[in-house]
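Thank you for asking me to look this structure over. My notes follow as numbered points, to be read with the structure in view.

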Amino acid sequence: MGHAVLVAAELKGLVRPADLDGLDVTWLGAGEATPAGDWVALVSLLSRWVGGTEFKNLPKLRVVANCAVGFNNVDLVAAEMRRVIVTNTPDVLTNATADLTWALLLAVARRIPEAVEHLKSGAWRGWHPELLLGLELAGKTLGIFGAGRIGQAVARRAAGFAMRIRYVARSAKPELEAAVGAERVEWGRLLSESDIVSLHAPSTPETKGMVGPEALARIKPGAILINTARGDLVREEPLAIALEEGRLGGAGLDVYQDEPEVHPRLRAAPNVVLLPHIGSATRETRAEMARIALANVRAVLAGAAPLTPVYR
Ligand code: NAP
């Protein structure tokens, strides 16, 4: 008998038999509450809250391997108190998420969904000099909030579009500045000077709700907001209002405050492109995420150091 582990059932199609070596797996369905019992590991998705009650119900738990780079769904304080190791899946999803950020940015700036709809609906009457005019990117300023792995990958891609790059980070990133001529600025300047503001910081008590009425009032008129980080960084109703009033030129979102619910006003807002949290959704990346999560579990259960712990 292998180690008794709980694994999110949604990963079934991505894991290879070798990933499960030595593990006695109980697949945990999306809608199922986390059960109580003697499982020693939990492979979770970001949609599952893992906090005090779960830790109490799983007294033998040694590791929570979150299949995501973000880990705001896990109560780290409760985990540390119970000496449960928490791991995530960094790096492997950086390129996929940076690509998706650019897909969203281009979709909003060039009004791609609207253009597709225009043609498919039969409304197109031929080339017109003022048909579906969008925003030229060359020479514009891209403001990156959170210049970590994904934020920097997004910034590097911007160099290919001849954009000026500004970033907000708690510590300077000299390599990024040297590589793409990025300039570190304060949040207020990022808001007032950027034509496009893109969010790449994790959800923490400091970042939650940071794009609310105050930030939206300071943002450059007509700017575009992109969020592929976490939904709770943005307050959805004030964002919808800023779009309705035309203060914001557009928004591209992949993540939401209360997934899979999307604020009805946001669904109806103009110039908004809404994606169903697919930032890391490439075949390669999702398979790697599942592999790393299970490799973390196997390492911890074998008494070795986890590959990618979220704290040391
Ligand atoms: P990362 O490398 O840890 O980068 C996050 C960056 O944000 C760090 O550089 C960090 O610290 C900065 N930061 C944190 N708090 C800040 C604050 N209060 N003010 C300014 N900067 C702050 O993480 P990553 O791999 O790039 O991932 C970023 C986030 O993207 C994840 O946490 C996750 O929520 C999200 N994500 C979403 C998807 C999706 O499917 N849409 C996919 C992958 C990841 P410093 O400023 O000190 O450098």
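1. A nonpolar core, as the term is used here, is a set of buried Ala, Val, Leu, Ile, Met, Phe, Trp, Tyr and Cys residues joined through side-chain atoms within 4.5 Å, where buried means under 20% relative accessible area. Please keep in mind throughout that this is a predicted model.

2. The largest nonpolar core has 51 residues, and those with the most contacts inside it are V5, L11, V43, W102, L142, I196 and V297. Helix α3, which spans residues 94–109, gives the most to this core, contributing 8 residues.

3. If neighbours within four places in sequence are left aside, L11 is in contact with W27, V43, L45, C67 and A290.

4. Five strands form an open sheet in the order β2-β1-β3-β4-β5, and their pairing is parallel. Because β2 (23–28) and β5 (85–87) stand at the edges with a single partner strand each, one side of each is left without a neighbour in the sheet. On average, neighbouring strands of this sheet are turned by 20° against each other, direction ignored.

5. Within the sheet, β1 (residues 3–8) and β3 (residues 41–44) run parallel and are joined by 3 bridges, and V5 stands opposite A41 in β3.

6. Around the ligand there are 27 residues, of which I150, R170, K173, T228 and D254 come nearest. An N or O atom in the side chain of K173 is 2.5 Å from an oxygen atom of the ligand, while a polar backbone atom of T228 is 2.9 Å from a ligand nitrogen atom. A backbone N or O atom of G279 lies 3.3 Å from an oxygen atom of the ligand.

How values were computed
Residues numbered from 1 in each chain as written. Predicted model: local features only at pLDDT ≥ 70, side-chain atom pairs only at ≥ 80, totals over all residues. Heavy atoms only, no water. Pairing = 2+ DSSP bridges. Helix = DSSP H or I, 4+ residues; strand = E, 2+ residues; numbered from the N terminus. Axes fitted to C-alpha atoms, helices over the stretch in contact; angles between N-to-C directions. Buried < 20%, exposed > 50% of the residue type's maximum accessible area, 1.4 Å probe, protein only. Contact = heavy atoms within 4.5 Å. Near = heavy atom within 4 Å. Polar contact = N/O pair within 3.5 Å; in protein donor to acceptor, adjacent residues only side chain to side chain.
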